[in-house]
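Open your viewer and keep the selection panel handy.

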There are 2 protein chains.
Amino acid sequence: MTTRERPTLEAVARRAGVSRATVSRVVNGSTTVAATIREAVNRAVEELGYVPNQAARSLVTQRTDSIALILPETANRVFSDDLFFPAIIRGVGMELEAADKQLVLMMTGSEAGHHRVERYAVAGHVDGIMFASIHGADPLPGLLARRGIPVVCSGRPMTAEPPVPYVDVDHAGGVAAAVHHLVSAGRRRIATIAGPQDMVAGIERLTGYHESLREAGLPELVAPGDFTRESGIAAMRDLLDRDPKLDAVFAASDLMAHGALQALRESGRRVPDDVAVIGFDDFEISRYSDPPLTTVRQPIGEAGRTMARQMLRLIAGDPEVPSSVVLPTELVIRASA
Amino acid sequence: MTTRERPTLEAVARRAGVSRATVSRVVNGSTTVAATIREAVNRAVEELGYVPNQAARSLVTQRTDSIALILPETANRVFSDDLFFPAIIRGVGMELEAADKQLVLMMTGSEAGHHRVERYAVAGHVDGIMFASIHGADPLPGLLARRGIPVVCSGRPMTAEPPVPYVDVDHAGGVAAAVHHLVSAGRRRIATIAGPQDMVAGIERLTGYHESLREAGLPELVAPGDFTRESGIAAMRDLLDRDPKLDAVFAASDLMAHGALQALRESGRRVPDDVAVIGFDDFEISRYSDPPLTTVRQPIGEAGRTMARQMLRLIAGDPEVPSSVVLPTELVIRASA
DNA sequence: CGACTAAGATGAACCGGTTAAGTTCACCTG
DNA sequence: CAGGTGAACTTAACCGGTTCATCTTAGTCG
C-alpha cells in the first residue's frame, strides 16, 4: 500500500505563517488576498509540493469535476462499436480536458450494470452522465435525469419520458443527399439495406430512404440488416434475388456497405458500373475498400465534443442549454457511386 | 445545479435507532453486528435509499476505488490506435468492473498532459495508473512509480529506470512463427516492413525478424515503416524496387500489411501466388482484406485484463506481483500466406 | 452467586478541505 | 478625535463517512 505523506493545507499554512483559510483562498484564486501573502503562500505550496486532496474538497463542494461516459456493452456487441466509440471518446475527452474535468468511462453489461451506474452517480462520484449511443429504449437516462443528475445523450433517446438533452446527426439529410446523388447519376432502382429498427439511427435512416424515394417517385426495395458486415452480405444477396436488375443500393452503415460490396463482387457485378453503393458513417476503413466507398459522413468526434459542451453548461447551471443539437452530415463521394 | 438531498449515515442511524458507527459497520459488511440490528439497519437503508457518499469515504480510507488508464494522445496519432485502444479498454474495463472498481480514462496531449496526470494521481483521485502502450521513452510511468503510485504498463517500457510492472506479448515468438510458416512454404526471399524503432513493439518485431532469418540462413531485406497503411505502401514499393524477385514479406503491423497488399496489387503481383504476406495484430478488418490476411494474433483484450489484474493485486498490497507477464501470440493462417 | 470475559454497540476523534461569521486594524470622515 | 468603513485575515463549524478506545450487557466459570 502506498503511504503517501502528502502535505496538507495545514502544513502549508504553518509554513507560510497564515491560516488554513487563507491558503485555501490563495489556492482557489480568490482576489481578496494581499499580494505579499499570496506570494508567501505560493512559495510554501511550491516548496512542499502541495496538491489539494480531491476527496476532502469534493466532500464540501459537492462537486467532483469528473463526468461519466456510459458505453452500452450490449450482448450483441458489434465491431462497428469499436470504430464508433473511440471517435466519440476522443471528442468528449478533448473537450473535458480543456475544461479540466475528468472523464470516467463506464461499461454497462446489461444485468447489474444499470444499477451500478445509478449507484455510482448517486454516490456523488461524478457530476454528470453522458450516454454514447442508446440501444433501444434504455430507461437509464430518464431515470437518472429524474433523480436530478445532469444527463446528455449522443443520439436521440427513444423514450423522451423526461426529455433529456441530446446531440444527434442529421440522418434524414444525409440519406437525402445520398439518394439524390444516385438519382442524379441516373439510377432508378435504388434499394436499401436498413439498420436495426430498435435504434434511432436505424429508424431515421430508413425513414429518410422512404421519403427520398417517394419524392423521387421511384420504387422502394428494403432488406433488413443490423449494421454488421455479415448482415450486409445477407441483405445484398436477398436484394439481388428480389430484383436482379437493381442499379444502386444505399446501406445504412459503412460495414453493411462493405458487406454489400462483397456480395456484389461474388455475384459478378461491378461497382459502380452495374450497381452503385453508398454507405453511412465514413469510417476510416471505407477509404480503402474496393472500390473506395462513397458514404455519408457523420461527425462523430464533433458529436462527442458537442455532447461534452452541453454537459459542461448543464453542470454550470446554465438555464438555457439547448435540449437538442443536430449536426450536419455530408456526402463523401468516392468510387463506389 | 442539482440539489440532491441524499440521506446520510446519520439519518439511517436515527431511523434504525442505532449509532452511526454501527450503521457503518453494517454497510461495510462487518461480522460483529447482531443479526437483528443488521436487519433493522438494512431496512432503514432500503427505506431511505441510502447510498454512501464516496468523497467522505475516500477522505478517511485514502482509497477511491477508481483506477486511471492513460491513453497517449501523441501528435502523430494513427488509425491503428483506434483499433487497438477499444480492445484494451474493454479488457481493462471488464476486469475492473468485476472487481467493482471504476475506470478513469485520461488522454495526455503531450504538453501539459503529463503534469495533469501527475497532479491528478497525487491528488488522490485514483488508486493507481495504467498505461495503454508507451510511445518512446516516456518518463511518466517511472516518475509516478517513484512517487509511490501503483503503476502498470501495457507494453514493456523502454526506460526501466524504476522498473514498473508490465504486460506485453511475445513479439519474437509471433514473428518466428510467421517466418517459419513462410519458410516451410518454400519462400526464400523474405523481406520485412519494420515498425517505428522508438516503440518496443517495433523494435522487438524487427529483432525477431533478424533472428529468425539468421537461423534460417536466408538473406534479409528491411524497409522502415511506422505501423500506418501509407507507410506500408511506400515500404512495399521500396522493397520491390530493391528486390523485384522477393517472394514474401512480413509486415510488423496489420495496417502496413494492408498497404503492402495494395502496393503488390498495383505492381501486378498476385498474393499469395507471387508474394506471400503476413501481418501482425489480427485486427478485425484483416479478415476482410483481399485476400484475407494471414497474421500474428496478439491478445489485446487479454493484455488489458491482465494489466488490470496486476493493478488490482498491486493495490491490494500483494507483495509478489510479477514484474512482467508475457502473453503468447498465435499465427492465424488465412489466404495471404 | 459474584467476578471475569467477550461480544456487540457507542462516542468521539479524525480525514483535509471550504466558507460563513467574526476579528483586527489602517484609514477616512464629520 | 470618536466613530464608522471596509479590506484582509482568522476562527470555527461544517461536509459524511471510518475506526479506535470505551462502555454495556449478557454469558461463563469457579
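The tour goes from the pair of chains to a sheet, then to a core and a single helix residue.

**Before you start**

This is a predicted model: local features need pLDDT of at least 70, side-chain atom pairs count only at pLDDT 80 or more, and totals for chains, interfaces and linings use all residues. Residues are numbered from 1 along each chain as its sequence is written, while chains are lettered from A and ligands numbered from 1 in the order in which they are written.

**Stop 1: the two chains**

Colour chain A and chain B separately. Contact here means that the C-beta atoms of two residues, placed from the backbone, lie within 7 Å.

Now select the contact itself: 40 residues come from chain B and 40 residues from chain A. On the side of chain B that touches chain A, the elements giving two or more residues are α4 (54-61), α5 (79-98), β2 (102-109) and α6 (110-122) of chain B. Helices (H or I, at least four residues) and strands (E, at least two) are DSSP runs, numbered from the N terminus. Which element gives the most to this side? Select α5(B), which gives seven residues.

**Stop 2: a sheet in chain B**

Next, show the strands in the order β7-β6-β8-β9-β10-β12 (chain B): they form an open sheet of six strands with mixed pairing. Two strands pair if DSSP finds at least two bridges between them. At the edges stand β7 (221-224) and β12 (330-332) of chain B, each with a single partner strand, so one side of each has no neighbour in the sheet. From one strand to the next, the twist averages 20°.

Zoom in on β10 (residues 294-297) of chain B, which runs antiparallel to β12(B) and is joined to it by three bridges. Here B:T295 stands opposite B:V332. By contrast, β8(B) and β9(B) run parallel, joined by three bridges, and B:F250 has B:I278 as its bridge partner.

Stay with β9(B). Is this strand enclosed or open? Six of its six residues are buried, so β9(B) is largely enclosed by the rest of the structure. B:A276, B:I278 and B:F280 point one way, and B:V277, B:G279 and B:D281 the other way. A residue is buried if 20 or more other C-beta atoms lie within 10 Å of its own, exposed if 12 or fewer, and partly exposed in between, with C-beta atoms placed from the backbone.

**Stop 3: the core**

Select A:M130 and B:M130, which touch the most other members of the 97 residues in the largest nonpolar core. Such a core is a set of buried Ala, Val, Leu, Ile, Met, Phe, Trp, Tyr and Cys residues joined through C-beta atoms within 7 Å. Leaving aside neighbours within four places in sequence, B:M130 has contacts including B:I67, B:V92 and B:M311.

**Stop 4: a helix residue in chain A**

Finally, select A:R313 in helix α12 (residues 300-315) of chain A. Because A:R313 has 17 other C-beta atoms within 10 Å, this residue is partly exposed. Beyond its neighbours within four places in sequence, A:R313 is in contact with A:D318 and A:V321.

Conventions:
Axes are lines fitted to C-alpha atoms, for helices over the stretch in contact, and angles run from 0 to 180 degrees between N-to-C directions.
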